[in-house]
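Me: I have a chain to look at. Please walk me through its packing, in short questions and answers.

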Amino acid sequence: MGFIRKPMLFPILLVLFTSLEAPHVAESASDYSTLVYKGCSKETFTDPNGVYSQALSTLFGSLVSQSTKAKFYKATSGSGQSSITGLFQCRGDLTNSDCYNCVSRLPVLSDKLCGRTTAARVQLLGCYILYEVAGFSQISGMQMLYKICGATNAAGRGFEERRDTAFSVMENGVVSDHGFYTTSYQAVYVMGQCEGDVGDSDCGECVKNAVQRAQVECGSCISGQVFLHKCFISYSYYPNGVPSRSSSSAASYSSSSSGQNPGKTAAIILGGAAGVAFLVILLLFARSLKKKHDGMIYVRQ
């Protein structure tokens, strides 16, 4: 009576694996190299003598070399109308080693994603690089470049109030901490950073503007990221409490999660599911053999 028939095996396994599909997890120091977005100008430069290419190559080399000892660096390569200005910035919580590993990926990515455009910006989770050929028209520091709002809305009331309180603390924090600040308030984790050459007052205004964009654009979404030209903010709500962060994982740059190490947790869960499924198969197979064996004994009798 209690025997599970074979036809039920595949639906059971299907439920196991589809219900435990790995979610979009929080980004941490270990995945700082994930691409967030790219911005490429529509104009390209003609370079019959290789002047621009040489200037850009020299600029990238300078930026990458400086990333071993700085979180922000700005430089100009070439001269006159052939000059190119560029910079890199790493997230404030990355180590010098992680900063270098992040920035060193960007020149190749920039060439692959944008080619020979007169301006480009490539943003990874842990760093970004940008360059502009001389004469490229400037944009406002408050210009919104990119945003991501989580697909899940917060359940119940009170989330937006907690988030806004965390935002308020962050707005003051980026000023007092000179451009980079993270904090958490009642299960809401927030992060804010300004470009390295932005003054404290302008940084506060930029982050405040980004916060307002997040409030309007993302509403009650439990996570969001807003990138303006001169600053960015990120927030994430953890219903089960903000996970503790060691020095290596303090770089949480969250989209949505609820575990200490969501990627690892998802892998463990999926591995566990596979183990359970395999055990089910073995038990059913053993039971099937037992039934067949019992039947053979019965025939002999």
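Me: Which residues of helix H3 are buried?
Reply: Helix H3 spans residues 96–103. Helices here are DSSP runs of H or I with at least four residues, strands are runs of E with at least two, and both are numbered from the N terminus. Buried means under 20% relative accessible area, with a 1.4 Å probe and protein chains only. The buried residues of H3 are Asp98, Cys99, Cys102 and Val103.

Me: Why do the buried residues of H3 line one face of the helix?
Reply: Look down the axis of H3 and take the directions from the helix axis to the C-beta atoms. The buried residues line one face because they fall within an arc of 125°.

Me: What do the buried residues of H3 pack against?
Reply: Contact means heavy atoms within 4.5 Å. The partners include helix H2 (51–66) and strand S3 (84–90). Also among them are helix H4 (106–114), strand S4 (119–124) and strand S5 (127–133).

Me: Is Ser110 buried or exposed?
Reply: Ser110 sits in helix H4. Leaving out residues up to four places away in sequence, Ser110 touches Phe60, Gly115, Ala120, Val122 and Tyr131. Its relative accessibility is 2%, so Ser110 counts as buried.

Me: What percentage of the chain counts as buried?
Reply: The chain has 7 helices and 10 strands. Of its 301 residues, the buried part is 41%.

Me: How far can I trust the local features, and how are residues numbered?
Reply: This is a predicted model: local features need pLDDT of at least 70, side-chain atom pairs count only at pLDDT 80 or more, and totals for chains, interfaces and linings use all residues. Side-chain values use heavy atoms, without hydrogens or water, and residues are numbered along each chain as its sequence is written, from 1.

Technical notes:
Buried means under 20% relative accessible area, exposed over 50%, partly exposed in between (1.4 Å probe, protein chains only).
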